[in-house]
Amino acid sequence: MAFRFQLLDMHRQAVRRLVLSLRISSRLAALLAPIAIATPILAQEFLPVEQAAKLLSDGSPWAAVKDGRNARLTFAPDGTGSFEGPVTMPINWSVKGQEICMELRFAGAPCLRFRRIAGGLLGYSGKAEDLRLTR
(Lines give C-alpha, C1' and ligand atoms only; values in the text may rest on other atoms or scores of the structure.)
Protein backbone atom coordinates (compact mmCIF):
# COMPACT_ATOMS: atom_id res chain seq x y z
CA MET A 1 0.00 0.00 0.00
CA ALA A 2 2.79 2.45 0.88
CA PHE A 3 4.28 1.93 -2.55
CA ARG A 4 0.96 2.90 -4.20
CA PHE A 5 0.73 6.14 -2.16
CA GLN A 6 4.32 6.92 -3.04
CA LEU A 7 3.51 6.56 -6.77
CA LEU A 8 0.45 8.81 -6.42
CA ASP A 9 2.53 11.42 -4.60
CA MET A 10 5.20 11.27 -7.35
CA HIS A 11 2.47 11.61 -9.95
CA ARG A 12 1.02 14.68 -8.21
CA GLN A 13 4.45 16.27 -7.98
CA ALA A 14 5.08 15.62 -11.67
CA VAL A 15 1.72 17.18 -12.57
CA ARG A 16 2.47 20.21 -10.40
CA ARG A 17 5.86 20.69 -12.08
CA LEU A 18 4.25 20.39 -15.49
CA VAL A 19 1.58 22.96 -14.65
CA LEU A 20 4.19 25.34 -13.23
CA SER A 21 6.33 24.84 -16.31
CA LEU A 22 3.38 25.58 -18.60
CA ARG A 23 2.55 28.74 -16.67
CA ILE A 24 6.11 29.95 -16.95
CA SER A 25 6.26 28.99 -20.63
CA SER A 26 3.05 30.85 -21.47
CA ARG A 27 4.24 33.95 -19.60
CA LEU A 28 7.60 33.80 -21.34
CA ALA A 29 5.90 33.33 -24.70
CA ALA A 30 3.69 36.36 -24.04
CA LEU A 31 6.76 38.43 -23.21
CA LEU A 32 8.75 37.26 -26.23
CA ALA A 33 5.95 37.38 -28.83
CA PRO A 34 6.42 41.07 -29.76
CA ILE A 35 10.14 40.48 -30.22
CA ALA A 36 9.57 37.36 -32.31
CA ILE A 37 7.13 39.20 -34.57
CA ALA A 38 9.45 42.16 -35.14
CA THR A 39 12.68 40.21 -35.53
CA PRO A 40 12.27 38.85 -39.08
CA ILE A 41 11.81 42.35 -40.53
CA LEU A 42 14.70 43.81 -38.55
CA ALA A 43 17.05 40.87 -39.02
CA GLN A 44 16.47 40.36 -42.72
CA GLU A 45 18.48 42.83 -44.73
CA PHE A 46 17.88 43.85 -48.31
CA LEU A 47 19.45 41.59 -50.89
CA PRO A 48 22.54 42.95 -52.60
CA VAL A 49 21.31 44.53 -55.82
CA GLU A 50 23.34 42.11 -57.98
CA GLN A 51 21.75 39.11 -56.27
CA ALA A 52 18.25 40.57 -56.55
CA ALA A 53 18.78 41.32 -60.25
CA LYS A 54 19.98 37.77 -60.88
CA LEU A 55 16.97 36.27 -59.08
CA LEU A 56 14.50 38.51 -60.91
CA SER A 57 15.92 38.18 -64.39
CA ASP A 58 15.72 34.46 -65.08
CA GLY A 59 13.10 34.96 -67.79
CA SER A 60 10.31 33.20 -65.87
CA PRO A 61 7.14 35.15 -65.00
CA TRP A 62 6.48 36.40 -61.48
CA ALA A 63 3.01 36.77 -59.98
CA ALA A 64 3.04 40.42 -58.91
CA VAL A 65 0.77 42.12 -56.37
CA LYS A 66 0.79 45.89 -55.86
CA ASP A 67 -1.93 47.79 -54.00
CA GLY A 68 -4.17 44.72 -54.15
CA ARG A 69 -3.92 44.47 -57.95
CA ASN A 70 -2.49 41.37 -59.64
CA ALA A 71 -0.27 41.18 -62.70
CA ARG A 72 2.57 39.14 -64.15
CA LEU A 73 6.06 40.54 -64.55
CA THR A 74 8.84 38.91 -66.50
CA PHE A 75 12.43 40.17 -66.36
CA ALA A 76 14.95 39.10 -69.02
CA PRO A 77 18.70 39.23 -68.29
CA ASP A 78 19.20 41.85 -71.03
CA GLY A 79 17.19 44.52 -69.16
CA THR A 80 13.90 43.99 -70.99
CA GLY A 81 10.75 42.25 -69.88
CA SER A 82 7.00 42.33 -69.96
CA PHE A 83 4.06 43.42 -67.87
CA GLU A 84 0.82 41.45 -68.18
CA GLY A 85 -2.15 42.92 -66.33
CA PRO A 86 -5.14 44.85 -67.54
CA VAL A 87 -2.89 45.62 -70.50
CA THR A 88 0.22 43.88 -71.81
CA MET A 89 3.29 45.94 -72.52
CA PRO A 90 7.07 45.69 -72.65
CA ILE A 91 9.17 47.02 -69.78
CA ASN A 92 12.79 47.94 -69.37
CA TRP A 93 14.62 47.49 -66.10
CA SER A 94 18.05 48.47 -64.84
CA VAL A 95 20.19 48.62 -61.73
CA LYS A 96 20.69 52.13 -60.36
CA GLY A 97 22.79 52.31 -57.23
CA GLN A 98 21.33 49.80 -54.77
CA GLU A 99 17.91 49.67 -56.45
CA ILE A 100 16.29 48.02 -59.42
CA CYS A 101 14.28 50.46 -61.53
CA MET A 102 11.52 49.48 -63.97
CA GLU A 103 10.33 51.74 -66.75
CA LEU A 104 6.57 51.34 -67.10
CA ARG A 105 4.54 53.60 -69.38
CA PHE A 106 1.70 53.97 -66.89
CA ALA A 107 3.74 54.10 -63.66
CA GLY A 108 6.92 55.96 -64.49
CA ALA A 109 10.14 54.37 -63.30
CA PRO A 110 9.68 52.94 -59.80
CA CYS A 111 12.93 51.92 -58.10
CA LEU A 112 12.89 49.18 -55.47
CA ARG A 113 15.09 47.22 -53.10
CA PHE A 114 14.24 43.59 -52.43
CA ARG A 115 14.07 41.14 -49.55
CA ARG A 116 13.49 37.41 -49.78
CA ILE A 117 10.15 36.03 -48.63
CA ALA A 118 8.71 32.53 -48.76
CA GLY A 119 8.22 31.77 -52.43
CA GLY A 120 9.56 35.03 -53.80
CA LEU A 121 10.67 38.60 -53.21
CA LEU A 122 9.25 41.66 -51.54
CA GLY A 123 10.06 45.04 -53.13
CA TYR A 124 10.39 48.18 -51.01
CA SER A 125 10.19 51.80 -52.01
CA GLY A 126 12.09 53.47 -49.21
CA LYS A 127 10.94 51.64 -46.07
CA ALA A 128 7.44 50.89 -47.36
CA GLU A 129 6.44 47.56 -48.87
CA ASP A 130 5.52 48.23 -52.49
CA LEU A 131 5.55 45.08 -54.64
CA ARG A 132 5.20 41.36 -53.84
CA LEU A 133 6.62 38.89 -56.37
CA THR A 134 5.94 35.17 -56.00
CA ARG A 135 6.07 31.97 -58.00
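In the predicted model, Arg-132 and Glu-129 are joined by a salt bridge in which the closest N and O atoms lie 3.4 Å apart. Arg-132 is partly exposed, with a relative accessible area of 35%, and Glu-129 is likewise partly exposed, at 48%. This pair belongs to a structure that holds 5 salt bridges. Another of these contacts is formed between the side chains of Asp-130 and Lys-66, with an N to O distance of 2.6 Å; the pair links distant parts of the chain, since Asp-130 lies in strand β8 (residues 128–134) and Lys-66 in strand β1 (residues 61–66), 64 residues apart. Lys-66 counts as partly exposed, at 30% relative accessibility. A salt bridge is also found between the side chains of Asp-67 and Arg-69, at 3.7 Å from N to O, and here Asp-67 is exposed, with a relative accessible area of 61%, as is Arg-69, at 56%.

Strand β2 (residues 69–75) contains Thr-74, which counts as buried because its relative accessibility is 14%, below the 20% limit. When residues up to four places away in sequence are not counted, Thr-74 touches Gly-59, Ser-60 and Pro-61, together with Thr-80, Gly-81, Ser-82 and Ile-91.

In helix α2 (residues 49–56), the buried positions include Val-49, Ala-52, Ala-53 and Leu-56. Viewed down the axis of α2, the buried residues fall within an arc of 100 degrees and therefore line one face of the helix, whereas Glu-50 and Lys-54, on the other side of α2, are exposed.

Definitions and conventions. Residues numbered from 1 in each chain as written. Predicted model: local features only at pLDDT ≥ 70, side-chain atom pairs only at ≥ 80, totals over all residues. Heavy atoms only, no water. Buried < 20%, exposed > 50% of the residue type's maximum accessible area, 1.4 Å probe, protein only. Helix = DSSP H or I, 4+ residues; strand = E, 2+ residues; numbered from the N terminus. Arc of directions from axis to C-beta. Contact = heavy atoms within 4.5 Å. Salt bridge = Lys/Arg side-chain N within 4 Å of Asp/Glu carboxyl O.
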